[in-house]
Amino acid sequence: MNFPLKVLAVRFGAALALALPLAAAADTAGSSTAAETAVSLPEQALTPGILYSFLLAEIAGARGDFALSSRLYLEMAQRTRDPRIARRATEIALYTRDLTAAAEAAQIWAEAEPASAEARRIVAGISAGGGDPAHFDDVQTRLARLLAQSPENLAQNLMDLNRTLARIQDKDAVRAMVMRLTEPYLAYPEGHFARAQASAIAGDPMPALADVNAALALRAQWEPALILKAQIMQQAGNASEAVELLREQTGRHPESRNLRLALARALVAAKQYEAARDEFRQLLSMAPDERDFMFAAALLSFQLEDYADAASLFERALAAGHPDADTIRLHLGQIAEKRKDPEGAQRWYRSVGEGRQYGDAQVRVALLLAQSGKLDEARRHLQQAQADADDETRRRYFLAEIQLLRDAGQAGQALTLVDDALRERPDDTDLLYESAMLAERLDQMDVMESRLRKLIALAPDNAHAYNALGYSLADRGQRLEEAESLIVRALELLPDDPFILDSLGWVRFRRGDGAAAADTLERAYGMRPDPEIAAHLGEVLWSLDRRDDASQIFDKALSAHPGNELLRETAQRLRRQ
């Protein structure tokens, strides 16, 4: 027997609640009277076929087959014209970025529930999605009508304007449209908020700041505007002022999670990691089961090299079902490596499932195998992983295998493999770079230089190619003026790269300018305490008779990197003098 959908809404309320958003499903969870007053539902029978499609769509979504789930929900929306199903179809289609299906589902939703401002907003937003200027007038007309005809939702619709127009690539056009749409509503703080947001998105912080201040003049201490103001300050380069604003507001409203979260993020942006972690810990004390707070605090502890705390927080987030579980497993593997526990690290890496972290995990497994003396097994692991990988990942595994051979002192065999690959892909820039670095190790300088110059011709913005060629010449004391010009060009392409700064410091040392070399190398080492930068800095300081400073650098670097050959050889050679 078939029953009207609105009658079965109560009977199947629990099932529908799994499928429909809370706002749409609320009318099915209580009495039939509530269901009837919320929205006029169609007199569509819930046939066994519709019920089967509904369950199949949900199962497909649960298994990650969102394309099938989207298609089934759209078909149900077309058949039933039910606004709840159309809304669900719209949401899934948007999630899968199927804008054609989303447009059709949203149109059904808007027609079935004409009072829904959200449905009309989404229809307008999808219409704007193509970014075709020819459609802008239509989009603006739709949104102007939505704002004028929904006074009860005016504030929220103003707040949602920029989200609705987010798919338009021309952000100046979006800002112009928002300015026109908000002109009648400047007595409302939300109108100024929308304008501030549009200017910030367009990359123009000064008018954005003026509009957010206008919003705050209309509604003092308005939390969304305060948070937006802090974000605009950061955009304008005033990170410290943004932090102070949020500190002050958090002090006034210590119970506000939104303000505290904004403060934590601002502290991260300002690279105040210890303070940021304190804020995330405070947030975690306010919401002990919040997985994202655990994850954020764990990442900060990892950054601060507090590996015990990081591991504890990562494991809590994993046990709590954090959706980015494989990223957590990858970090736990890295922590195990830091703790000199290669077996534990391998267990974590091998537990990473297929997805965006899988390739990193397989490379780390191979590196650990090679470090334990199992080079052949490490190479087999990468070769087996290549079998099921896409072309880009397969190439990455190949380059990782080359790195294993290079690190094992088998540069000749590695170069043979790369040269074989280059015969098939002679213009592959990654292969050219690898072959150049291997040739340099084998003291085949002509091969190295020809490969790097070909790479530069193919990719003139490749900073690493300029740097590698310049450093190799400088390290051998050859064509030093040319070497410095190559390194300076690399630094123009990648300003403040610590390894390129290291090269610049080294070539200046080779050219006899020890003071300039020391300044450059100290800057590089402050940015990245790498053992090879330490070796160069120590040697330059030693040459300047700053031997105590050099010894401190050597001792600290050797304690952190006892196996680095260049660092150890440099320190021993200088101390024997």
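What percentage of the 577 residues in the protein chain is buried? In this predicted model, buried residues account for 48% of them. The secondary structure of the chain consists of 36 helices and 0 strands. Of the contacts with a separation of 6 or more, 50% are between residues 24 or more positions apart. The accessible surface of the protein chain is about 28400 Å², and carbon and sulfur atoms contribute 49% of that surface.

One pair of helices may be considered in detail. Two packed helices are described by the angle between their axes and the distance between the axes. For helix α15 (residues 205–218) and helix α16 (residues 223–235), the angle is about 160° and the axes are 10 Å apart. Angles over 145 degrees count as roughly antiparallel, and α15 and α16 are therefore roughly antiparallel to each other. Their crossing is left-handed. On the side of α15, the contact is made by Pro205, Ala208, Leu209, Val212, Asn213 and Leu216; α16 contributes Ala225, Leu226, Leu228, Lys229, Ile232 and Gln235. By class, this contact comprises 9 nonpolar, 2 polar and 1 charged residues.

Most residues other than glycine have a negative phi. Glu305, in the loop between α20 (291–303) and α21 (307–319), has a positive phi near 65°. Glu305 is exposed, with a relative accessible area of 58%. Asp443 lies in the loop between α28 (429–441) and α29 (445–458), and its phi is also positive, at about 60°. Asp443 is exposed, its relative accessible area being 54%.

How values were computed:
Residues numbered from 1 in each chain as written. Predicted model: local features only at pLDDT ≥ 70, side-chain atom pairs only at ≥ 80, totals over all residues. Heavy atoms only, no water. Axes fitted to C-alpha atoms, helices over the stretch in contact; angles between N-to-C directions. Helix = DSSP H or I, 4+ residues; strand = E, 2+ residues; numbered from the N terminus. Parallel < 35°, antiparallel > 145°, perpendicular 65-115°, else oblique. Left-handed = near helix turned anticlockwise from the far one by under 90°. Contact = heavy atoms within 4.5 Å. Nonpolar A, V, L, I, M, F, W, Y, C, P; charged D, E, K, R; others polar. Buried < 20%, exposed > 50% of the residue type's maximum accessible area, 1.4 Å probe, protein only. Areas by Shrake-Rupley, 256 points an atom, 1.4 Å probe, with all protein chains shown as cover.
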